[in-house]
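Here is a friendly tour of one structure, with the conventions spelled out along the way. Have the 3D view open as you read.

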Amino acid sequence: MTAFEPIGCLAGDSEGLGDTLAAATPLATRRAAVVLAGWGPPERCATSSVLRVATRLADPLRGTGSPRPVLRDDLEVVAHRAGLRPDGSGRVACPFGYADVESAVRGLLSTGLFDAAIVATDQAQVDKELAEALHPYRRQDGTVWMPNVFRYLIARTT
C-alpha cells in the first residue's frame, strides 16, 4: 500500500520542510520512496518572474525577490536532516498552462503565494498586476504558457 500526501512550503523554508519530513518519516515503511521538489534555475522558470509580483506587493522594501532556485545540495540537506537517504535526482519540465489570462490569475492566486500581497494592497491591485506580469506568456490564441524546470530528489526512508 502507498500513500501520497504533498507537503507544501515556501521557497527558502527548508527548515520548516525538514521538520515536517522528520515528523512524518517514522510513519513510513522501511525504504519507502519520498520525492522532494523545488524551483529550478530562474532562467529556466518563467513563473519566477510572475511570482515577483507577490513579493513586491507584499513587501515593497524587499520586493525584488523571486523563488530561490533549488541548488544541487539543498534537497539533499533537507533529506539528510529528516533521516532520509538520497536515491536519485534530476530536473523535470513542469510548464504551467492556462486557457486564458483570467484562468492563469485564478490558478496562481489559488496557490496562496499571493495572499500577503492581497492583504498589503487589495484584490483588484493584485489581479491587475498579475495579469500584466502574465502578458509575455500569452500566446496568439489567448492561452498562457509558462515553461518551468523543477529540481527533484528521490530519497528513501531507512
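## A loop residue

Arg31 is partly exposed, as its relative accessible area is 42% (buried means under 20%, exposed over 50% and partly exposed in between, with a 1.4 Å probe and protein chains only). You will find Arg31 in the loop between α1 (14-24) and β1 (33-39); helices (H or I, at least four residues) and strands (E, at least two) are DSSP runs numbered from the N terminus. Most residues other than glycine have a negative phi. Phi of Arg31, however, is positive, near 65°.

## About the model

This is a predicted model, where local features need pLDDT of at least 70 and side-chain atom pairs count only at pLDDT 80 or more, while totals for chains, interfaces and linings use all residues. Residues are numbered from 1 along each chain as its sequence is written, and side-chain values use heavy atoms, leaving out hydrogens and water.

## Two packed helices

How do α4 and α6 pack? Helix α4 (residues 101-109) and helix α6 (residues 123-134) meet at an angle of about 120°, with their axes 10 Å apart; axes are lines fitted to C-alpha atoms over the stretch in contact, and angles run from 0 to 180 degrees between N-to-C directions.

On the α4 side, the contact (heavy atoms within 4.5 Å) includes Val101, Ala104 and Leu108, and on the α6 side Val126, Leu130 and Leu134 are among the residues involved.

## Aromatic rings

Across the whole structure, a search finds three aromatic pairs, with ring centres within 6.5 Å as the cut-off for pairing. Ring pairs join Trp39, Phe96 and Phe150 into a cluster.

Terms used. Phe/Tyr/Trp six-rings, centres within 6.5 Å; stacked < 30°, edge-to-face > 60°.
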